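Take a look at the model below. The report that follows covers its strands, its sheet and its aromatic rings.

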Amino acid sequence: MEKKYEFRQFSILVWAITLSVFFIGLIVFITTDSIYSMFSSTTQQTYTLIFGLSALVFIIIGINLYFSKIISILIKDDVIIISNTKENTRSILPKSTIINYNLNITNKGMLDILRIKLNNKNMYFWLGGISFNQENKDDFTNKENLLQQLKIELPDKNVKTSTDHIIIFFANKFPFIMLFIALVIFICGCIYIINL
């Protein structure tokens with residue numbers, strides 16, 4: 001049974017570079033006295049920081065949208081075909097050459113990554129929704145159906161590696177850890193201000 005699934009594929013490298021530049025720029029802006037002292041009042045500094053961060057977030061999203069591509073995954077009886085519709089390229093993966101795979105599906109669709117191991121090489125596909133703004137039910141259903149079909153077509157090859165566990169940690173647990181740290185810092189800041 002042939003079934004074609006379409007996803008937006010994001011580049012992990014592009015996201016990593018843009019987010020690193022964002023946080024490095026933020027740290028430099030906050031910690032450099034000469035930049036920070038150019039603004040005469042705290043209000044100016046706050047408005048500039050908010051405006052700058054908002055503009056940078058839109059730039060980061062735009063860069064990642066530009067470098068993302070729409071791919072289709074077609075599962076046939078003996079091969080898996082992964083096509084890039086923008087560049088009109090295809091990767092044909094014979095099922096006999098696939099050692100193992102793992103498709104990680106998260107609740108919010110943040111790090112849904114398909115890993116396919118061929119010989120000694122892992123191929124990673126970060127699968128997002130076709131609509132960049134918001135993942136809808138069809139996107140989630142596509143991922144669920146792809147996972148079910150992979151389990152049927154490659155029944156003994158669904159294996160989680162240590163890298164897969166790290167991806168799952170960053171997708172499911174890490175955001176809550178960061179939220180907890182931010183909440184603790186916020187509460188400590190409020191207590192400090194009250195005690196001044």
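## Terms and basis

Two strands pair if DSSP finds at least two bridges between them. Strands (E, at least two residues) and helices (H or I, at least four) are DSSP runs, numbered from the N terminus. This is a predicted model: local features need pLDDT of at least 70, side-chain atom pairs count only at pLDDT 80 or more, and totals for chains, interfaces and linings use all residues. Residues are numbered from 1 along each chain as its sequence is written, and side-chain values use heavy atoms, with hydrogens and water left out.

## The sheet

Seven strands make an open, antiparallel sheet in the order β4-β3-β2-β1-β7-β6-β5. β4 (89-94) and β5 are the edge strands; each has a single partner, so one side of each lacks a neighbour in the sheet. Direction ignored, neighbouring strands are turned by 30 degrees against each other on average.

Helix α4 (residues 137-153) packs on this sheet, with contact meaning heavy atoms within 4.5 Å. The helix touches β1, β2, β3 (79-84), β5, β6 and β7. Its direction makes about 120 degrees with that of β1; axes are lines fitted to C-alpha atoms, for helices over the stretch in contact, and angles run from 0 to 180 degrees between N-to-C directions.

## Strand by strand

β1 (residues 3-10) pairs with β2 (residues 69-75) over seven bridges. Lys3 has Ile75 as its bridge partner in β2. On β7 (residues 121-128), β1 makes three bridges, and Arg8 stands opposite Gly128 there.

β6 and β7 share six antiparallel bridges.

## Aromatic pairs

Rings of Phe, Tyr and Trp (its six-membered ring) pair if their centres lie within 6.5 Å; planes under 30 degrees apart count as stacked, over 60 as edge-to-face and the rest as tilted. The count comes to five aromatic pairs. Phe10 and Trp126 are edge-to-face, because their ring centres are 5.6 Å apart and their planes stand at 65 degrees. The pair links Phe10 in β1 to Trp126 in β7, 116 residues apart. Both Phe10 and Trp126 are buried.

Phe22 and Phe23 are also edge-to-face, at 5.1 Å centre to centre and 75 degrees between the planes. Phe22 is buried at 13% relative accessibility, while Phe23 is partly exposed at 46%. Phe10, Trp15 and Trp126 form one aromatic cluster.

Notes:
Buried < 20%, exposed > 50% of the residue type's maximum accessible area, 1.4 Å probe, protein only.
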